Amino acid sequence: MRTFHCDHCGLDKERKENGGTGYADTPFGRACYECCAAIDREWIRNNRKDTLYLTKDAEGHYKISNWPRSFTIFPYRVRKTSASFFGRHGIRTYAWFTFEGKAWLGINQGDMDILRCRRLA
Ligand SMILES: [Zn+2]
């Protein structure tokens, strides 16, 4: 089996051949998806802004996740409005969620699944 070395947990893990590779190269070195989740959680805990991804699960419920999809938060409220941005007309989606007891608001402006999030309190 082919492996990669995770700079965070220090483990050699199996490199996936289908879909994702099993790791991401971050500004802090190579990280397995489990470590990506830990890094992202640490980031969101210590920062007031983050870029996450808004998608829907198989049942059509909105969910918010980090890039490797190794952690997921379900928003407690989602609202769509029509809006004008970048000279185009489109749908803006607001998603409210809590992370470790803190309220956050994420906004998607039709640019793929990108959700720009900021902490409200
Ligand atoms: Zn790791």
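Leaving aside residues up to four places away in sequence, Leu 52 touches Ile 64, Ser 65, Asn 66, Gly 106, Leu 115 and Cys 117, where contact means that the C-beta atoms of two residues, placed from the backbone, lie within 7 Å. This is a predicted model, in which local features need pLDDT of at least 70 and side-chain atom pairs count only at pLDDT 80 or more, while totals for chains, interfaces and linings use all residues. Residues are numbered from 1 along each chain as its sequence is written.

Leu 52 belongs to the largest nonpolar core, whose eight residues also include Leu 54, Ile 64, Ala 95, Phe 97, Trp 104, Leu 115 and Cys 117. Such a core is a set of buried Ala, Val, Leu, Ile, Met, Phe, Trp, Tyr and Cys residues joined through C-beta atoms within 7 Å, and a residue is buried if 20 or more other C-beta atoms lie within 10 Å of its own, exposed if 12 or fewer, and partly exposed in between, with C-beta atoms placed from the backbone. Strand 5, strand 9 and strand 11 (114-119) each give two or more residues to this core. Apart from it lies another core, of seven residues, among them Tyr 23, Ala 31, Cys 32 and Cys 35. In soluble globular proteins, nonpolar side chains tend to be buried together.

The strands named here take part in an open, antiparallel sheet of seven strands in the order 7-6-5-11-10-9-8. Strands (E, at least two residues) and helices (H or I, at least four) are DSSP runs numbered from the N terminus, and two strands pair if DSSP finds at least two bridges between them. Strand 7 (72-73) and strand 8 (77-85) are the edges, each pairing on one side only. Within the sheet, strand 9 (residues 88-99) and strand 10 (residues 102-108) are joined in the antiparallel sense by seven bridges, and Trp 96 has Leu 105 of strand 10 as its bridge partner.

Helix 1 has Tyr 33, Cys 35, Cys 36, Asp 40 and Ile 44 among its buried residues, and the buried residues of this helix pack against strand 3 (23-26), strand 4 (29-32), strand 5 (49-56) and strand 9.

Eleven residues of domain 1 are in contact with eight residues of domain 2, and helix 1 supplies nine residues, the largest share, of the side of domain 1 that touches domain 2.
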